[in-house]
Structures are given as C-alpha cells and as structure tokens.
Amino acid sequence: MTPPDSRAAAAMWSAYLASGRGPAPSAPVPVVDSFGDGPALADELLGLVLSGVKRATASLLDEYEVLGDTVPEVGDHWVVCDGAGVPRIILRTTELRRVRFREVDAAFAYDEGEGDRSIESWRRGHRRYWERVGASLGFALTNDSVVVAERFRVVWPPEDADA
C-alpha cells in the first residue's frame with residue numbers, strides 16, 4: 001500500500017477547519033488512512049463512498065490491538081486516501097458498535113454497500129478479507145471475533161459531503 005501523503009492530508013484538514021464546518025481550528029490532523037489492504041481495494045471502497053452507496057465500515061478489534069491503533073469514537077474524523085495515498089475525503093464517525101462477527105446484522109451489511117449488500121455477501125467478503133489480514137497480523141477470525149461496526153458521514157470536500 002502506498003503511504004498516505006501526510007502533507008496533502010494536513011492541507012485538506014486545514015481547509016476543512018477553515019471552512020468553519022469542522023471542529024475547533026486548533027484540532028490536530030486526525031487518522032489518515034485508506035480502506036482495505038491494497039490499492040485496488042482502497043480505490044474500490046472509496047468509489048462506493050463517493051457514489052453514496054457506502055456509509056459504514058468494519059474493522060476487527062484484533063486489528064486495532066495488534067497494530068496498536070486507537071479504536072475510533074463517535075465524533076472522530078479521518079482523512080481517507082485513495083490507493084495511491086492521495087487524500088480524497090474526510091469522514092466523521094456517527095455511530096460505533098462492537099458486535100461479534102456472527103451478530104453483524106443485515107442493516108449494517110447494507111450500509112457498508114459492498115457486494116450485493118446482503119448479510120450473506122458481507123459475511124463471505126469480510127471472512128475472506130479478515131482471514132487474509134489475520135494471517136499477516138497473527139490473529140484468526142472466529143464467529144466470536146469482535147467487529148468494530150462504524151457508520152460515518154462524508155464531511156469534506158463540499159462537493160462530496162453528505163447533505
């Protein structure tokens with residue numbers, strides 16, 4: 001994965017803060033990251049967000065723990081980059097739940113916008129993804145694995161922001 005362009009992300013964040021739509025002007029640059037685990041998947045999932053189909057994402061708690069990352073909270077922002085590491089949008093977390101893999105519901109699968117948007121498609125796709133990621137990070141997906149189920153809004157740039 002191409003590393004994010006941190007300078008461009010900081011510039012995007014500054015423009016968002018200067019607009020008066022975001023948090024206090026002194027707020028530090030939030031997490032800068034891409035969806036998925038490779039450039040093609042990052043671009044595919046970003047495309048779903050930009051088209052308005054995807055308004056949720058999921059991570060495993062194991063991923064946060066192994067990588068030493070902080071689990072997001074409602075109200076947090078993140079700068080999303082494309083597969084080339086170019087910042088494209090800023091998201092704001094609007095809902096966060098921790099649920100077992102087997103307990104993810106059809107409404108969440110639909111909001112994630114992937115595949116045919118069904119829970120069956122969600123489980124198949126995410127099982128493949130987390131088995132691949134888990135193998136590289138040293139954890140195993142089970143039906144009891146904790147999913148961090150996050151819903152979000154696009155808040156920047158204005159032409160892509162949700163109403």
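The model is predicted, so local features need pLDDT of at least 70 and side-chain atom pairs count only at pLDDT 80 or more, while totals for chains, interfaces and linings use all residues. Residues are numbered from 1 along each chain as its sequence is written, and side-chain values use heavy atoms, with hydrogens and water left out.

**Ring pairs**

- There are eight aromatic pairs here, a pair being Phe, Tyr or Trp rings (for Trp, the six-membered one) with centres within 6.5 Å; planes under 30 degrees apart are stacked, over 60 edge-to-face, and the rest tilted.
- F35 and F152 make a tilted pair, because their centres are 6.4 Å apart and their planes meet at 40°.
- That pair joins distant parts of the chain: F35 is in the loop between β1 (31-33) and α2 (39-50), and F152, 117 residues away, is in strand β5 (residues 146-156). Helices (H or I, at least four residues) and strands (E, at least two) are DSSP runs numbered from the N terminus.
- F101 and W122 are tilted too, with ring centres 5.5 Å apart and planes at 35°.
- Ring pairs also link F101, W122, Y129 and W130 into a cluster.

**Burial**

- F35 counts as buried at 4% relative accessibility, where buried means under 20% relative accessible area (1.4 Å probe, protein chains only).
- F152 is buried as well, at 3%, and so are both F101 and W122.

**Charges over rings**

- K54 lies over the face of F35, 5.4 Å from the ring centre; this takes NZ of Lys or CZ of Arg within 6 Å of the centre and within 35 degrees of the ring normal.
- R117 has its charged end over the ring of Y110, 3.7 Å from the centre.

Key. Buried means under 20% relative accessible area, exposed over 50%, partly exposed in between (1.4 Å probe, protein chains only).
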